[in-house]
Amino acid sequence: MTQNYPEAKNAWRIAIVEDDSGIRNFIRTAVEQEGWIAESVGSASGAIALMEQNPPDLIVLDLGLPDMDGSTLIRIIRKSLTIPIVVLSARTQEHEKVNALDCGADDYLTKPIGGSELKARLRAHLRRKIGPLQQIQLGTILIDLTTRSVVKSGCVVHLTPIEFKILSVLCSKIGRVVSQRELLNEVWGIEHSECAQYLRIHVGHLRAKIEDKPAMPKYIITELGVGYRLADEC
Ligand code: CA
């Protein structure tokens, strides 16, 4: 197995799934004004390829796509990813909204929408994604999910983007077991969901940086045969 890992990014990555180039550019501009990275595709198949390659942190999704209805695409995405899905559609009927939300969308916005409102909605979903815990103290370690920094006993710990992403996924479910598959999906994408070795290597590096005794970890606990758990009792 090669170690040619896709890179995790520090800025939020927003996928824009929209076949109208004018609206796509409008959303892209809003996303870039917030300092986030926009990746746009014009079809459901393009969106699926993007999700498999490197899942974004949030998706803005049109329902009227040329190759598949957006609601079907939401169902497909939801089989493997929990990231926020924000529908932006010209369809205003209540049953359309209910259907998209029941398929797994987190929000439903109707066109036309102002750039300021769109940005505020996306900020709200990204805040929720981080959750109320923006800073987590684990023993002598302080993890700041907003600034993406880790400090141990007063010293900055330099993590790679992949290591930070693993840590932040564990933080989002602190005290609970996160399966290997879920970690692989969130960090590398669906196509790498069977590559447990990737995870073992990077968790090893992460432990070497944050644990007092990496061979006897007390923060990142292995749950044999299942995955990992970030201990909340340190
Ligand atoms: Ca459309």
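Reply: Along the chain, the donors of the calcium ion follow the spacing D-x42-D-x1-G, where donors are N, O and S atoms within 2.8 Å of the metal, or 3.2 Å for Na, K and Ca, and where a site may look incomplete because water is not among the atoms. The model is a predicted one, in which local features need pLDDT of at least 70 and side-chain atom pairs count only at pLDDT 80 or more, while totals for chains, interfaces and linings use all residues. Residues are numbered from 1 along each chain as its sequence is written, and side-chain values use heavy atoms, with hydrogens and water left out.

The ion is coordinated by Asp19 (OD), Asp62 (OD) and Gly64 (O), at 2.2 to 2.4 Å. The two aspartates link distant parts of the chain, since Asp19 sits in the loop between β1 (13–17) and α1 (21–33), whereas Asp62 sits in the loop between β3 (58–61) and α3, 43 residues apart. The helices and strands named here are DSSP runs numbered from the N terminus, a helix being H or I with at least four residues and a strand being E with at least two. Asp19 is partly exposed, with a relative accessible area of 36%, while Asp62, at 5%, is buried; buried means under 20% relative accessible area, exposed over 50%, and partly exposed in between, with a 1.4 Å probe and protein chains only.

If neighbours within four places in sequence are left aside, Ser89 is in contact with Asp62, Leu63, Tyr108, Leu109, Thr110 and Lys111, contact meaning heavy atoms within 4.5 Å. Lys111, one of these partners of Ser89, is joined to Pro112 by a cis peptide bond with an omega of about -5 degrees, and Pro112 itself is placed in the loop between β5 (107–110) and α5. Leu109, another of the partners of Ser89, is also in contact with Arg121, as is Asp107, again leaving aside neighbours within four places in sequence. Arg121 is found in helix α5 (residues 115–130) and is partly exposed, with a relative accessible area of 32%.

The loop that holds Asp62 runs between β3 and α3, and helix α3 (residues 70–78) has a partner in helix α2 (residues 44–53): their axes come within 11 Å and cross at roughly 15 degrees. These axes are lines fitted to C-alpha atoms, for helices over the stretch in contact, and the angles run from 0 to 180 degrees between N-to-C directions. The two helices α2 and α3 are therefore roughly parallel to each other, a term for angles under 35 degrees, with over 145 counted as roughly antiparallel, 65 to 115 as roughly perpendicular and the rest as oblique. Where they meet, Ala44, Ala47, Ile48 and Met51 in α2 touch Leu73, Ile76 and Ile77 in α3. The residues of this contact of α2 with α3 divide into seven nonpolar, no polar and no charged, where Ala, Val, Leu, Ile, Met, Phe, Trp, Tyr, Cys and Pro count as nonpolar, Asp, Glu, Lys and Arg as charged, and the others, Gly among them, as polar.
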